[in-house]
Amino acid sequence: MSAGSLVVVGLGPGQAGWLTPAASDALSRATDLVGYGPYLDRAPDQPGQRRHPSDNRVEVERAAMALDLAAKGRQVAVVSGGDPGVFAMAAAIFEALDEGDPAWRAIPIIVEPGITAMLAAAARLGAPLGGDFCALSLSDNLKPWDVIVARLTAVLMADFVISLYNPISKARPWQLREALLLAATIRAPETPIIFARNVGRPSEDITVVPLAAAPDAPADMSTLVMIGASTTRLIPRETGRPYVYTPRFYGAGR
Ligand code: SAH
């Protein structure tokens, strides 16, 4: 039996040019692709390659299945949108490895990075992540809501630019509004809030609104929400949305 391997591949946010050549090579070398169905659909068809689509939950089970295939000698690619290490499959693979069959530790595992949604959204706007920033997942499926509130309060107080992943879903309809109302108790009403939806896909839609209006702005599960810091600035333009940047020099624009 030939030796199997496992690569966790980040597909980037959507557009083909944002898939790295290394990720693309990893997909073409795989005998088996494992991942959420719509992500697998983004990998080019390859004769003989087996696909194992799943829904976007039960990540650790999917990870165990992928490790098992690799242990049986398959060349497995586990795919994630964006970067696989950012709120995605890479952590599930290592969690399954940590808890699963000790023989799995002999499998060579490679993580192939991708452009995460936050960086793609930032690039579209200018340079909102020019200063210190952080990322939070607003999903309380995997951690309690009070932990999210405590972390969000701490980073709002610390004046980071904050990227919110997983802001909303059918099962979690109220959390984003709560988070933005909390932000409004700590940051100024004119703080720029970015709603970046489907970045890099045909239906891309990016808007910038002041914090005071943000709790009523629409968002969905394909939206990355970014909360500006006190130093984040807008450069208005006659046409199109403003540029958004956060200066590296603390005194800039003041
Ligand atoms: N691993 C992914 C993130 C997975 S969590 C990455 O690195 O980008 C899923 C969340 O990511 C979504 O709810 C949304 O907040 C964000 N996201 C993923 N792709 C996106 C895109 N193309 N545009 C905007 N947000 C996106």
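Mentor: We can start with the model itself, then turn to the ligand and a few residues.

Trainee: What kind of model is this, and how are residues numbered?
Mentor: It is a predicted model, where local features need pLDDT of at least 70, side-chain atom pairs count only at pLDDT 80 or more, and totals for chains, interfaces and linings use all residues. Residues are numbered from 1 along each chain as its sequence is written, and side-chain values use heavy atoms, with hydrogens and water left out.

Trainee: How many helices and strands does the protein chain have?
Mentor: There are seven helices and 13 strands. These are DSSP runs numbered from the N terminus, with helices being H or I of at least four residues and strands being E of at least two.

Trainee: What are the dimensions of the C-alpha trace?
Mentor: Along its principal axes the trace spans about 65 × 40 × 35 Å.

Trainee: On to the ligand. Which residues come nearest?
Mentor: Asp83, Val86, Thr116, Met221 and Thr223 come nearest, out of 20 residues around the ligand. A residue is near a molecule if one of its heavy atoms lies within 4 Å of it.

Trainee: What classes of residue are in that shell?
Mentor: The shell has 11 nonpolar, seven polar and two charged residues. Here Ala, Val, Leu, Ile, Met, Phe, Trp, Tyr, Cys and Pro count as nonpolar, Asp, Glu, Lys and Arg as charged, and the others, Gly among them, as polar.

Trainee: Which domains does the shell draw on?
Mentor: Domain 1 (5-115) and domain 2 (118-253) each supply at least three residues. The bounds come from an automatic or database domain assignment.

Trainee: New topic: where is Thr232, and is it buried or exposed?
Mentor: Thr232 is in the loop between strand 11 (223-227) and strand 12 (233-235). Thr232 counts as buried because its relative accessibility is 9%.

Trainee: What does the Thr232 side chain reach?
Mentor: The Thr232 side chain reaches the backbone nitrogen of Ala229 at 2.8 Å, and makes a polar contact of 2.9 Å with the side chain of Thr246. A polar contact is a pair of N or O atoms within 3.5 Å; within protein, one must be able to donate a hydrogen and the other to accept it, and residues adjacent in sequence count only if both atoms are side-chain atoms.

Trainee: And where does Thr246 sit?
Mentor: Thr246 is in the segment after strand 13 (243-245), and with 4% relative accessibility Thr246 is buried too.

Trainee: What about Ser137, buried or exposed?
Mentor: Ser137 is buried, at a relative accessible area of 7%, and lies in strand 7 (residues 133-137). Its side chain joins that of Asn166 through a polar contact of 3.0 Å, and also reaches the backbone nitrogen of Ser139 at 3.3 Å.

Trainee: Last one: which residues other than glycine have a positive phi?
Mentor: Phe87, at about 45 degrees, is one of them, and Asp159, near 65 degrees, is another. Phe87 is in the loop between strand 4 (75-80) and helix 4 (89-99), while Asp159 is in the loop between helix 6 (145-157) and strand 8 (161-165). Phe87 counts as partly exposed at 41% relative accessibility, and Asp159 is partly exposed with a relative accessible area of 21%.

Key: Buried < 20%, exposed > 50% of the residue type's maximum accessible area, 1.4 Å probe, protein only.
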